Structure formats: C-alpha cells, structure tokens
Amino acid sequence: MAIGSKELMPAELATMDDERLVVELKRAKEELFNLRFQSATGQLDSHGRLRAVKRDIARLYTVIRERELGISASPAPVEKPADKKKSKKADEAKKAAEAPSSDDQKAEEN
C-alpha cells in the first residue's frame, strides 16, 4: 500500500464536497512546494513523502475531473437532524398554522 495521507483515501474523497476537494488540493500543492524546497536545501528527512504527496494530488485531480465529466456523482448534502425539542415545537407550530382558526372558518362560511 502506498504511503499517503490517511484522510485522502479514495473512500474519504468520495464523501467530500467539491469545495473541500479544492481546499485539500491547494493544501497538498503547498506541502509539495515546501517538500521540494527542503529537498533542494538538503533538509528533507523523508523522501518518500514527496511521492505520497504527488499521489495525493493526482487522486484529488482524478476525483475532481470525474465529477466534471459526470462519471462519479457529488455526495448529496447531509441534513443535520434537528433537536427533538425543537422539532416537536416546530411540528406543533406547523399544525397550528395549517389548521384554520374558528375566525377563518366563519369568514369562509359568509
């Protein structure tokens, strides 16, 4: 298995939205720049990290391009469940708003 960022595994990439992919790509490019600079000055300790970051960048580009072409779909936005207390109150408010009041019923009859 290749050495790489554990957070950039293919299963994780599939669940990220497009904006997050662009942010991760930018971060990986910055890291690659820093690693290349360290390599040029002789300060790089782990040369394998260069290879891993390059592969991460390639993975990110692949997922972005697949979504552009429609090969793989963007993940659906996940709705956060509301608090139980809030949802009960909201449900009661909706029911009260939907149910016509006695004044509204009298106006409809006339």
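**View 1. Buried residues of helix α2 in the predicted model.** The buried residues of α2 are L21, E24, L25, A28, L32 and L35, where buried means under 20% relative accessible area, exposed over 50% and partly exposed in between (1.4 Å probe, protein chains only). These residues pack against α1 (10-15) and α3 (48-69), contact meaning heavy atoms within 4.5 Å. Helices are DSSP runs (H or I, at least four residues), numbered from the N terminus. This is a predicted model, in which local features need pLDDT of at least 70, side-chain atom pairs count only at pLDDT 80 or more, and totals for chains, interfaces and linings use all residues. Residues are numbered from 1 along each chain as its sequence is written, and side-chain values use heavy atoms, with hydrogens and water left out.

**View 2. The salt bridge between R27 and E24.** In helix α2, R27 and E24 are three residues apart, about one turn of the helix. Their closest N and O atoms are 3.2 Å apart; a salt bridge is a side-chain nitrogen of Lys or Arg within 4 Å of a carboxyl oxygen of Asp or Glu. E24 is buried, at 7% relative accessible area, whereas R27 is partly exposed, at 30%.

View 3. D56 and R59 form a salt bridge with an N to O distance of 2.7 Å. D56 is buried at 2% relative accessibility, while R59 is partly exposed at 24%. The side chains of R65 and E68 also meet in a salt bridge, at 3.0 Å. R65 is partly exposed at 45%, and E68 is exposed at 55%.

How values were computed
Helices (H or I, at least four residues) and strands (E, at least two) are DSSP runs, numbered from the N terminus.
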